[in-house]
Amino acid sequence: MHPENEPRTLRLNSYQKTALATIVATLLLVAIGGLVRAAGAGLGCPDWPRCFGSWIPPTSAEQIPPQWDASKFNVWQTWLEYSNRLVGVVIGILVIATFLRSFRYRKTIPAVFWGSLIAVILVAFQGWLGGQVVYSGLHAVVITAHMLAALALIALLVYTAFLGSAAHFALDLHESSRRKLLALGVVTLAATLVQVAIGTQVREAVDQFMKSDNPPPRAAWLASAGAIDSLHRTLALVVVGAALYLLYAAIKERAPTLLTRLAGGIALVCTLQISFGIGLAYANLPPPLQVLHLFFGTLLATLLFLFTLVVSRARSLTREAGG
Ligand code: HEM
């Protein structure tokens, strides 16, 4: 094995540590956002950025100002929604810290600096969009835009962190293996992104009932998605087939440990994601699976994006030179 391709110990500089913490926290925020939706707490605070007109939300119905209906107050929903916003503020601080620490790359790798700056703007936009979700009364299309902006933010953070951590991901691949793994990675990523987009449409169909005051039984919700639900199930087979084939190819091509582990992680996350999807479809959309399905879908797209980045930047060896 080439020395570059052996597993290495992880020693990170302050930029890399902050960028990594920001990515992990942003993924966590996606899960918290899913929890808010699954708990029906999206309107737990009827205004934005304050909650019932206050920076510290109420804890009992007596504290609700007269312009809001105190009978609809639910302390858990209010504090869940507000915690979502507070974690959003933490992400904002982390993104700014990542940007400040990216200054060290301003001359050497300007893309890290500029990417980190765009991430600051994107996180501010995402906060504003979160407010629009509330003011639109949880409009399905605004929720989808909010989720897609979160995916774009994660992709940007991963891209800049990757560029600023090139040494940790440097590896060698035979040119033929590189091309094969890159093509497979791109195809699997593209199929996953289409699947995520279709998934949001399934969710939009389900959402009409989640918001309704007098919804039909939960078992009937998914039926309203019709053809889009069937498409989502069928494409899941393509995605899992591609993910498993990616792992097979990484092993067969004797890819470096880092890549094989990443491909293994992708195959595992994809398999879990499908099992959560099956659980959703056949057990009447249990809320915990709604949260897991959103989180693992996002994690799958993130890992696939990282995989394609690592392969695209691998140094290529010719068969002769590599032995
Ligand atoms: C790789 C495979 C899959 C990916 C990447 C994926 C991704 C997604 C995404 C991103 C959503 C939107 C979640 C949200 O906005 O809260 C979603 C919704 C959904 N998916 Fe999947 N999905 C996959 C497989 C499946 C399978 C196999 C099934 C069922 C057999 C399924 C059933 C559902 C259902 C029922 C929803 C609506 C959930 C809700 O309203 O909370 N998914 N999917």
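Here are some worked exercises on the predicted model above.

Residues are numbered from 1 along each chain as its sequence is written, and side-chain values use heavy atoms, with hydrogens and water left out. Because this is a predicted model, local features need pLDDT of at least 70 and side-chain atom pairs count only at pLDDT 80 or more, while totals for chains, interfaces and linings use all residues.

**Exercise 1. The disulfide**

Find which cysteines form a disulfide, and work out its handedness.

Solution. 
- Start with the criterion: a disulfide is a pair of cysteine sulfur atoms within 2.5 Å.
- Apply the criterion to the structure, and you get 1 disulfide. Its partners are Cys45 and Cys51, with sulfur atoms 2.1 Å apart.
- Now take the torsion about the S-S bond of Cys45 and Cys51; the value is about -85°, so the disulfide is left-handed.

**Exercise 2. H4 against H9**

Describe how helix H4 and helix H9 pack, and what kinds of residues make the contact.

Solution. 
- Set up the geometry with axes as lines fitted to C-alpha atoms, for helices over the stretch in contact, and with angles running from 0 to 180 degrees between N-to-C directions. H4 (residues 140–163) and H9 (residues 287–312) then pack at about 35°, and their axes are 10 Å apart.
- Assign the hand: a crossing is left-handed if the near helix is turned anticlockwise from the far one by less than a right angle, and right-handed if clockwise. H4 and H9 cross in the right-handed sense.
- List the contact, meaning heavy atoms within 4.5 Å. From H4 the residues include Met147, Leu151 and Phe162, and from H9 they include Leu294, Thr298, Thr302 and Phe305.
- Sort them by class: Ala, Val, Leu, Ile, Met, Phe, Trp, Tyr, Cys and Pro count as nonpolar, Asp, Glu, Lys and Arg as charged, and the others, Gly among them, as polar. The contact of H4 with H9 has 12 nonpolar residues, 2 polar and no charged.

**Exercise 3. Aromatic pairs**

Classify the pair Phe99 and Phe113, and the pair Phe295 and Phe296.

Solution. 
- Rings of Phe, Tyr and Trp (its six-membered ring) pair if their centres lie within 6.5 Å; planes under 30 degrees apart count as stacked, over 60 as edge-to-face and the rest as tilted. Searching the whole structure gives 13 aromatic pairs.
- For Phe99 and Phe113, the ring centres are 5.4 Å apart and the planes lie at 40°, so this pair is tilted.
- Phe99 lies in helix H2 (residues 75–101) and Phe113 in helix H3 (residues 110–135), so the pair ties together parts 14 residues apart in sequence. Phe99 is buried at 15% relative accessibility, as is Phe113 at 9%.
- For Phe295 and Phe296, the centres are 5.6 Å apart and the planes at 80°, so the pair is edge-to-face.
- Widen the view: ring pairs link Phe99, Phe103, Phe113 and Trp114 into a cluster.

**Exercise 4. The setting of Phe276**

Is Phe276 buried or exposed, and which residues does Phe276 touch?

Solution. 
- Phe276 belongs to helix H8 (residues 257–282).
- Its relative accessible area is 14%, so Phe276 is buried.
- Leaving out residues up to four places away in sequence, Phe276 touches Leu289, Leu292, His293 and Phe296. Phe296 is itself buried, with a relative accessible area of 15%.

Methods: Helix = DSSP H or I, 4+ residues; strand = E, 2+ residues; numbered from the N terminus. Buried < 20%, exposed > 50% of the residue type's maximum accessible area, 1.4 Å probe, protein only.
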